[in-house]
Amino acid sequence: MKYFVDKNGYYGEFGGAFIPEMLHDNIIELQCKYKKLITSYTYQKLYRELLTNYVGRPTPLFFCKKYSNQYNAKIYLKREDLNHTGSHKINNAIGQTLLAKELGKRKIVAETGAGQHGVATATICALMHLECIIFMGETDMKRQYSNVIRMKSLGAEVVPVLSGDKTLKDAVNESIRYWINHPESYYLIGSTVGPHPYPQMVADIQSIISEEIKMQLEKIEGSSSPNYVVACIGGGSNAAGSFYHFLDDDSVKLIAVEASGLGIKTKKTASAIQCGSKGVLHGSMTLILQDQDGQILPAYSISPGLDYPGIGPMFAHLFVKKRVNFLHSTDEEALQAGYELTRSEGIIPALESAHALAALKKIPLHKKDIVIVTLSGRGDKDINVYDKFFFNFSNNESNT
Ligand SMILES: *Cc1c(COP(=O)(O)O)cnc(C)c1O
């Protein structure tokens, strides 16, 4: 527990709640109540039931034979891609929606970048008959149009965000602005970011991932501790969930993989650990991409779920404390790794998850090493990008 948030809402020098006065009551209410509510018997019963019968948990821990031979280690994939709606985001959306209901809120507000979090939130709001408003940058709406249609079909109101560069960070700003004007709504953040208690709360809710890994590994290998756990990292929610129950076990090496875009030496990157510095973003002190005047720099990655110009405060702390080793993969490396998994195991991974897979080449593995890679999502949403790089089917078709 030594890497968790302290009673003041900090992870070492990171975290806190830098919020406007108007949100003070809402944040204090969450801070005071969330832990008790999400650990209560009634909440846990509902949460677990939905995870089992609606999401399809536990997700499998799949042993990759060919990959294991290739890397000369035992490689397992934690299959979050098999969750309903196609990624780990639904765990968090369900957890927080149940909490919102406990708090008596009937309206859910959320931001989305690629649309994965928006779709997960709209899905659970449809199931629970809650009003749902999703803020999405106009640029992202164009790039991820099918997710916009999914959200609208599910009954959500999708509000285009026209400020800034019209992507995720602007959508977060607009959601916060909306929440300030509508404090009766619940703001459902999609990652381990934002003011305290969001980062810890999202980590707590996503910890189901490592809870399952431990049980599954114990059954298969006779030990619940692997040598490595590897996960991609944008804000940090799938990594937090995957690492959670291993944080205090120093025998388990934890590896988080950022998206370095075109490379950390270029300006087109999303690596807040390699290229960022200390500053406040979306309500917490953390590591962020910023210029000399403290203006947020746009993040770039081919994978829409990783192009966030910051990293959750918990991970800024884990980096400083050297508990988590941070690697990075470029667009090109991720695409290759995604293609490789598709051909070697018959699984098309989300481009985000492909960044984690690409890092396997950079870890000095030994024959008996047990390695868990979290496959955070499925690649259906990225199929056009894969096509553009490897096949160009769509172009050929339009030519004929
Ligand atoms: C959103 C997303 C991510 C990145 O978010 P984290 O909070 O860092 O996990 C990674 N993979 C997929 C499939 C996503 O949808």
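1. Ground rules. Since you're looking at a predicted model, local features need pLDDT of at least 70 and side-chain atom pairs count only at pLDDT 80 or more, while totals for chains, interfaces and linings use all residues. Residues are numbered from 1 along each chain as its sequence is written, and side-chain values use heavy atoms, with hydrogens and water left out.

2. Two domains. Start by colouring domain 1 (11-51 + 89-202) and domain 2 (56-86 + 207-398); bounds like these come from an automatic or database domain assignment. Their C-alpha centres sit 22 Å apart. The contact (heavy atoms within 4.5 Å) draws 35 residues from domain 1 and 39 residues from domain 2.

3. The interface area. Between them, domain 1 and domain 2 bury about 3100 Å², with 60% of that on carbon and sulfur atoms. Buried area here is the accessible area (1.4 Å probe) that two parts lose on being put together, summed over both.

4. Polar links across the interface. There are 16 residue pairs in polar contact between domain 1 and domain 2, both residues at pLDDT 80 or more. A polar contact is a pair of N or O atoms within 3.5 Å; within protein, one must be able to donate a hydrogen and the other to accept it, and residues adjacent in sequence count only if both atoms are side-chain atoms. On the side of domain 1 that touches domain 2, elements supplying at least two residues each include strand S2 (14-15), helix H2 (41-55) and helix H4 (89-102). (Helices, H or I with at least four residues, and strands, E with at least two, are DSSP runs numbered from the N terminus.)

5. Salt bridges. Side chains of opposite charge can pair when their charged atoms come close. The rule used (a side-chain nitrogen of Lys or Arg within 4 Å of a carboxyl oxygen of Asp or Glu) gives a count of 22, and it finds three across the interface of domain 1 and domain 2. Have a look at Glu13 and Lys278, a salt bridge whose closest N and O atoms are 2.8 Å apart. Another one joins Lys78 and Glu212, at 2.7 Å. That pair links distant parts of the chain: Lys78 is in strand S4 (residues 74-79) and Glu212 in helix H10 (residues 208-221), 134 residues apart.

6. Backbone details. Arg57 and Pro58 are joined by a cis peptide bond, with omega about 0°, and Pro58 is in the loop between H2 and strand S3 (61-63). A cis peptide bond also joins His196 and Pro197, with omega about 15°; Pro197 is in the loop between strand S8 (186-187) and H9. Finally, check His129, a non-glycine residue with a positive phi near 55°, in the loop between H5 and strand S6 (131-137).
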